Amino acid sequence: MADFFSLQFISSRGNEYFCEIDEEYLTDRFNLTGLSTEVQYYQYALDLVTDVFDLDCDDDMRETIEKSARHLYGLVHARYIVTTRGLAKMLDKYKKNDFGKCPRVMCKSQPLLPMGQSDNPNIKAVKLYCSKCEDIYNPKSSRHAAIDGAYFGTSFHNILFQVYPALMPAKSYERYIPRIYGFKVHAPAALIRWQNGQREDMRRRLRHLKVDSGFVDDERDELDTEYEEDFEPEGVANGPVAGGPVNGMA
């Protein structure tokens, strides 16, 4: 039965984000359309996932097939979790905070959802989406951070809230307000600092590209640089200064 591989897979350390895929879904070839070109040793991997694998092979071959089986399970998982059954299972994990809580203080421990930034494998690792601040975060665990984002896809987290709209939290409009001794930092001052930073960044890039920026300060900098290059102490250009060592030092 397919239950053995699924249970073993999701119970493995680092696979806490995954849910168990129903056997009926795994054995329906329609749900696997197009995956044969994505997975090495596809048929052997499928046999292993569905617990009908009986090939007598060496350890290296077995390890390769097991790796392909895990990859196949992940790709099928991305399809399964947008079905009615899959959404219900992931919803249960979401309510239990199995995916963690938003690290942003203003979100007040809002539960997160796993998501991918690409539907193609081996592009981006899984990220965690907060529906309150609508931002994404890296998983805390290095094991979770190594999971392929394609195993969850780019649509799952949005579909979940479309199917269960009551779970959508109110958006977080709270923002941290910088203060100095209790007084708010003046907004125009912050804007000026940002503008100055952008200007300096642009000037550095233009200098790197050797483009005349037209900034007055740049012209002054160039004149200063030329002056420094043209100026050469007499003692360096024409030998020791007449009068002997300075301050009586030999």
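Predicted model: local features only at pLDDT ≥ 70, side-chain atom pairs only at ≥ 80, totals over all residues.
Let's begin with the overall picture. The chain has 250 residues, and 33% of them count as buried. Its secondary structure comes to ten helices and five strands. If you look at the contacts with a separation of 6 or more, residues 24 or more positions apart account for 60% of them.

The mean pLDDT of the chain is 84, and 84% of the residues reach 70 or more. Residues 222-250 are a stretch to read with care, as the pLDDT there is below 50. Beyond near neighbours in sequence, residues 222-250 have five contacts in the model.

Now turn to strand β2, which covers residues 127-130. Which way do its side chains point? K127 and Y129 point one way, while L128 and C130 point the other way. In a regular strand the side chains alternate between the two faces of the sheet. Whichever way they point, K127, L128, Y129 and C130 are all buried, so each has under 20% relative accessible area.

Strand β1, residues 112-115, runs antiparallel to β2, and four bridges join the two. Within this pairing, L113 has Y129 of β2 as its bridge partner. Strand β3, residues 135-137, also runs antiparallel to β2, here with three bridges. In that pairing, C130 stands opposite D135 of β3. The hairpin of β2 and β3 has four residues between the strands. Take a look at E134 in this hairpin: it adopts a positive phi near 55°.

Our last stop is M168, which sits in the loop between α7 (156-163) and β4 (179-180). Is M168 buried, partly exposed or exposed? Its relative accessible area is 34%, so M168 is partly exposed: buried would need under 20%, and exposed over 50%. Leaving aside residues up to four places away in sequence, M168 touches S131 and F161. How many residues separate M168 and K132 in sequence? They are 36 residues apart along the chain, yet their C-alpha atoms are 7.9 Å apart in space.

Methods. Residues numbered from 1 in each chain as written. Heavy atoms only, no water. Buried < 20%, exposed > 50% of the residue type's maximum accessible area, 1.4 Å probe, protein only. Pairing = 2+ DSSP bridges. Contact = heavy atoms within 4.5 Å. pLDDT = per-residue confidence, 0-100.
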